[in-house]
Amino acid sequence: MSAALRIEDGDPLLAEMAAQGFARIPGEVMEARLGLAPAELDAFAASWERLETDRFMADGGRYRRRRHANFSARAGVPGHVRNPHRAHFQAVVHNSLNGGVERWFAPMEDAVGGGAALNALLDLGRSVADAGTPGADWFVEVHQFRIEAAAGAPGFPTPEGVHHDGVDYVLIGMVARTNLAGGETLITDDGGTELARFTLLDRLDTAFIDDQRVMHGVTPVQPVDPALPSCRDVLVITWKHAGG
């Protein structure tokens, strides 16, 4: 892990996480932290054009495209190791719409899973997770999402509503918004009291979430110009204490 991706005591990101259970980083700050060449980020973002339709939507919707990968990270061992492809599973208590079933999404492309952009994001996010839970082994899932919208047919980034993911830490990173209105991120406590409401707008605008402490959700999206394609591209990475 490069020095730029290490989290030191006193880092504002850790202070925000400790104080409120979530933190936001503007895209330009994330880009500086990651230290990636623009061409690497462009290639990473372009991979969202090759996602496949999510066919596990219990509401019958076909507005979501995605790819998925899973990794392991061992305490004291740098980096993440990609595991064989497997189903994504959430309990019904964490996903009332699509939980309780094994969902086999298209695997993340090898070039994306092994690329500099994703690995920099994994390393930075892990440093946040390690700071919050030192000495943990992690099971890590990575999701590429595209939510599509059309006139009269909004897209739902979190059709299950405001929720916990059933993990320890979550990174949500904006990749692109195309002809899009809506898509506000909501942070609440377990009683439903709203703690924050913001919109990830620019590339690499990022939210870190302590999933044990707060809930999150995203409002529906719709096109600004109904005659043009409309979509919301995001990356979601989760860290769960292995064996937890």
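Predicted model: local features only at pLDDT ≥ 70, side-chain atom pairs only at ≥ 80, totals over all residues.
Colleague: How many salt bridges does the structure hold?

Modeller: Side chains of opposite charge can pair when their charged atoms come close. A salt bridge is counted when a side-chain nitrogen of Lys or Arg lies within 4 Å of a carboxyl oxygen of Asp or Glu. The structure holds twelve of them. One of these joins Arg203 to Asp42, with the closest N and O atoms 2.9 Å apart.

Colleague: Which parts of the chain does the pair of Arg203 and Asp42 tie together?

Modeller: Helices (H or I, at least four residues) and strands (E, at least two) are DSSP runs, numbered from the N terminus. Arg203 lies in the loop between β9 (194-199) and β10 (206-210), and Asp42 in helix α3 (residues 38-46), so the pair ties together parts that are 161 residues apart in sequence.

Colleague: Is Arg203 buried, partly exposed or exposed?

Modeller: A residue is buried under 20% relative accessible area, exposed over 50% and partly exposed in between (1.4 Å probe, protein chains only). Arg203, with a relative accessible area of 30%, is partly exposed, and Asp42, at 44%, is partly exposed as well.

Colleague: Where do Arg50 and Glu109 lie?

Modeller: Arg50 forms a salt bridge with Glu109, their closest N and O atoms being 2.8 Å apart. Arg50 is in the loop between α3 and β2 (52-53), and Glu109 is in the loop between β4 (81-82) and α4 (110-113), 59 residues apart. A further salt bridge pairs Arg74 with Asp137 at 3.7 Å between the closest N and O atoms. Here the pair links the loop between β3 (64-73) and β4 with the loop between α5 (116-132) and β5 (138-149), 63 residues apart. Arg74 counts as exposed at 54% relative accessibility, whereas Asp137 counts as partly exposed at 29%.

Colleague: How many cavities of 30 Å³ or more does a search of the whole structure find?

Modeller: Rolling a probe the size of a water molecule over the atoms shows where empty space is left. On a 1 Å grid over the protein atoms alone, a cavity is a set of points where a 1.4 Å probe fits but cannot get out, and lining residues have an atom within 4 Å of a point. Grid points are joined across faces, edges and corners, and a volume is the space filled by probe spheres set on the points. The search finds one cavity of 30 Å³ or more. The largest cavity has a volume of about 80 Å³.

Colleague: Which residues line the largest cavity?

Modeller: Among them are Leu41, Phe44, Met174, Arg203 and Leu235. The largest share of the lining, four residues, comes from β6.

Colleague: Which strands pair with β13?

Modeller: Two strands pair if DSSP finds at least two bridges between them. β5 and β13 run antiparallel and are joined by twelve bridges, and β6 pairs with β13 in the antiparallel sense over nine bridges. Ten of the twelve residues of strand β13 (residues 230-241) are buried, so β13 is largely enclosed by the rest of the structure.

Notes. Residues numbered from 1 in each chain as written. Heavy atoms only, no water. 1 Å grid on protein atoms, 1.4 Å probe; cavity = no way out; pocket = protein on both sides within 12 Å on 5 of 7 lines; lining within 4 Å.
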